[in-house]
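Open the model in your viewer and keep the selection tool at hand. The stops below are meant to be taken in order.

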Amino acid sequence: KALKLYGISPDEYVINESSMYDAIHEMRSRIMTSPHFHGERILGAILFENTMDRDVDGRPTCEYLWDVKHILPFLKVDKGLCNLE
């Protein structure tokens, strides 16, 4: 749903495949590299593990956020709800 709201149509990726996560990271990278996204406006950013393991503008995401944007990266550590038994 989120990708569609950002103008990325479902035919551009396969749900739960690497193409979907690539599209999500591309969307998040556009947000992070925006000139309006910086430490004077934003204190911290909560990152999913998949985002944390990728690069933004050729730098590891956390390094980019801290060194370039002066935003504190936080790792989202939960994996969601566990299955009911």
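Which helix and which strand each supply at least two residues of the lining of the second largest pocket? They are helix H2 (18-32) and strand E1 (44-47), where helices (H or I, at least four residues) and strands (E, at least two) are DSSP runs numbered from the N terminus. This is a predicted model, in which local features need pLDDT of at least 70 and side-chain atom pairs pLDDT 80 or more, while totals for chains, interfaces and linings use all residues. Residues are numbered from 1 along each chain, and side-chain values use heavy atoms, without hydrogens and water.

Select the lining next: Tyr6, Met27, Arg28, Ile31, Met32, Phe37, Ala45, Ile46, Leu47, Phe48 and Thr51. H2 gives the most, with 4 residues. The pocket holds about 190 Å³ of space. (A pocket is an open set of points on a 1 Å grid where a 1.4 Å probe fits, with protein on both sides within 12 Å along at least five of seven lines; lining residues have an atom within 4 Å of a point.)

Now select Lys69, in the loop between helix H4 (61-68) and strand E4 (72-75). Lys69 is buried (under 20% relative accessible area with a 1.4 Å probe). Its side chain reaches two backbone oxygens: that of Met32 at 3.4 Å and that of Phe37 at 3.0 Å. Both Met32 and Phe37 are in the pocket lining.

Last, select Arg41, in the loop between H2 and E1. Its C-alpha atom is separated by 9.2 Å from that of Ile71, 30 residues apart along the chain.

Notes:
Points joined across faces, edges and corners; volume = space filled by probe spheres on them. Buried < 20%, exposed > 50% of the residue type's maximum accessible area, 1.4 Å probe, protein only. Lys, Arg positive; Asp, Glu negative; His and termini not counted. Salt bridge = Lys/Arg side-chain N within 4 Å of Asp/Glu carboxyl O. Polar contact = N/O pair within 3.5 Å; in protein donor to acceptor, adjacent residues only side chain to side chain.
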